[in-house]
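User: I'd like to learn how to read a model like this one. Could you take me through a few features, general idea first and then the case at hand?

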Amino acid sequence: MAGNPWFKPKRVGFGASPANWQGWLATALFGFLFAWIVIRLHGGLRWGFALLLILCYAALVYFKSSDAWRWRSGNV
């Protein structure tokens, strides 16, 4: 990704973690919205919006990461 990536690949495991304030803000907003959905919505609406939020957040992390996602064992 060109520019300043919001997320960096994890050293161990699969995926990415926040790399700067934009990544941390996106993660905090995701956590807040997920908690709001779980507390306020019920039934199928809860599950539908929670799944949509998770998919949107995963896509954001993927496209704003500095490197491709792959399994990393921690070995350099």
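This is a predicted model: local features need pLDDT of at least 70, side-chain atom pairs count only at pLDDT 80 or more; totals for chains, interfaces and linings use all residues.

User: Which residues is P5 in contact with, leaving aside its neighbours within four places in sequence?

Analyst: Contact means heavy atoms within 4.5 Å. Setting aside neighbours within four places in sequence, P5 is in contact with A19, N20, K64, S65 and S66. A50 is another story: P5 and A50 are 45 residues apart in sequence, and their C-alpha atoms are 25 Å apart in space.

User: And where is W6 placed?

Analyst: W6 also sits in the segment before β1.

User: Is W6 buried, exposed or partly exposed?

Analyst: The classes work like this: buried is under 20% relative accessible area, exposed is over 50%, and partly exposed is in between (1.4 Å probe, protein chains only). W6 has a relative accessible area of 23%, so W6 is partly exposed. For contrast in class, L55 in helix α2 is exposed, with a relative accessible area of 53%.

User: What lies over the face of W6?

Analyst: A charge sits over a ring if NZ of Lys or CZ of Arg is within 6 Å of the ring centre and within 35 degrees of the ring normal. Here K64 lies over the face of W6, at 4.6 Å from the ring centre.

User: How many aromatic pairs are there?

Analyst: Rings of Phe, Tyr and Trp (its six-membered ring) pair if their centres lie within 6.5 Å; planes under 30 degrees apart are stacked, over 60 edge-to-face and the rest tilted. By this rule there are 6 aromatic pairs. F14 and W69 have ring centres 5.6 Å apart and planes at 80°, so the pair is edge-to-face. This pair links distant parts of the chain, 55 residues apart: F14 is in the loop between β2 (12-13) and β3 (16-18), and W69 is in the loop between α2 (43-63) and β4 (72-73). W69 is partly exposed, at 24% relative accessible area. Elsewhere, ring pairs join F7, F30, F34 and Y57 into a cluster.

User: Which residues form a salt bridge?

Analyst: A salt bridge is a side-chain nitrogen of Lys or Arg within 4 Å of a carboxyl oxygen of Asp or Glu. The count comes to 1 salt bridge. D67 pairs with R72, the closest N and O atoms being 3.1 Å apart. D67 is partly exposed at 43% relative accessibility, whereas R72 is buried, with a relative accessible area of 11%.

Technical notes. Residues are numbered from 1 along each chain as its sequence is written. Side-chain values use heavy atoms; hydrogens and water are left out. Helices (H or I, at least four residues) and strands (E, at least two) are DSSP runs, numbered from the N terminus.
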